[in-house]
Amino acid sequence: MTETIARPPRFITYVPLTDLTPAPRNPKRHELELLIDAIRMHGLVEVPVADERTQCVLHGHGRREALIEMQNRGMTTPGGVVLDEDGGWLVPVLRGWSSRNDAEAEALAIKLNRLPGEGGWDPREFAAVLEDLATNEVELFDSLAIPHDEIDKLLGQVDPETLPGGVREDEPPTLHLPDDGDHGNGGLSPDDDGRAAHATCPACGHLFNTGR
């Protein structure tokens, strides 16, 4: 059952992208191209958050920068963003929260960025999800852009005996690099820049191409 609240404490409004004012201080850095690619692929899903007291962006500076760059490049309007009468981009923004002072605003901005990642990942389930994506949805797997050393570390935490088709106890997950002798066939040595490292999934032996 859905109830309609006359004056909800939190609500979403569409505002011009050019009206999104960044906070005076924002220590968070962003991988802009990854954000652009994610928004291009999935649309704008996680909307920016505004602080009613300051009228500045509290959370979502990276998405703001990515959208501005996408518009400047003439890219297609992403899902979740609409056009105004003049062709400008209107962006959904979560409204209704107001900070007591600058200190609270900056503290919450840090929490909104840090806390979601503090729980980490369940290695076994994460490995299973990565395996499914790498096997069935290569473009989506590549779009994760997870560094090869991070995947190798993750797979090293998985107990192979708990996975269907797991390898023996004396055969832990390994990171495989192309042999130097593959140069004649277009291969790369481990010292070559941009080498395509691989990590072996202990569940089925699939080689993850993790050099993205």
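User: Why are helices α4 and α6 called oblique to each other?

Analyst: α4 and α6 are oblique because the angle at which they pack is about 125°. Angles under 35 degrees count as roughly parallel, over 145 as roughly antiparallel, 65 to 115 as roughly perpendicular and the rest as oblique. The angle is taken between N-to-C directions on a scale from 0 to 180 degrees, with axes fitted to C-alpha atoms, for helices over the stretch in contact. This is a predicted model, in which local features need pLDDT of at least 70, side-chain atom pairs count only at pLDDT 80 or more, and totals for chains, interfaces and linings use all residues. Residues are numbered from 1 along each chain as its sequence is written, and side-chain values use heavy atoms, with hydrogens and water left out.

User: What else describes how α4 and α6 pack?

Analyst: Their axes are 9 Å apart. The crossing is left-handed, meaning that the near helix is turned anticlockwise from the far one by less than a right angle (clockwise would be right-handed). α4 contributes Pro123, Phe126, Ala127 and Leu130 to the contact, and α6 contributes Ile151, Leu154 and Leu155; contact means heavy atoms within 4.5 Å.

User: How many residues of the contact of α4 with α6 are nonpolar, polar and charged?

Analyst: Seven are nonpolar, none polar and none charged. The nonpolar class is Ala, Val, Leu, Ile, Met, Phe, Trp, Tyr, Cys and Pro; Asp, Glu, Lys and Arg are charged, and the others, Gly among them, are polar.

User: What puts the buried residues of α6 on the same side of that helix?

Analyst: The buried residues of α6 (148-155) are Ile151, Leu154 and Leu155. They lie on the same side because the arc they cover around the axis is only 95°, taken from the directions from the helix axis to the C-beta atoms.

User: Why is tryptophan 97 called buried?

Analyst: Its relative accessible area is 18%. Buried means under 20%, exposed over 50%, and partly exposed in between (1.4 Å probe, protein chains only). Tryptophan 97 is therefore buried. It belongs to strand β5, residues 89-97. Beyond four places in sequence, tryptophan 97 touches Arg10, Ala50, Asp51, Glu52, Leu58, Glu104, Ala105 and Leu108.

User: What makes arginine 63 count as buried?

Analyst: Its relative accessibility is 11%, so it counts as buried. Arginine 63 sits in helix α2, residues 61-72. Its contacts, neighbours within four places aside, are Leu35, Ile39, Leu44, Glu46, Val47 and Pro48. From glutamate 46 it is 17 residues apart in sequence and 8.6 Å in space, C-alpha to C-alpha.

User: Why do glutamine 55 and alanine 145 count as partly exposed?

Analyst: Glutamine 55 has a relative accessibility of 47% and alanine 145 one of 25%, so each counts as partly exposed. Glutamine 55 is in the loop between β2 (49-51) and β3 (56-59), and alanine 145 is in the loop between α5 (138-143) and α6. Most residues other than glycine have a negative phi. Glutamine 55 has a positive phi of about 60°, and alanine 145 one of about 50°.

User: How many helices and strands does the chain have?

Analyst: There are six helices and eight strands. Helices (H or I, at least four residues) and strands (E, at least two) are DSSP runs, numbered from the N terminus. The order is β-α-β-β-α-β-β-α-α-α-α-β-β-β. Of the 212 residues, 29% are buried.
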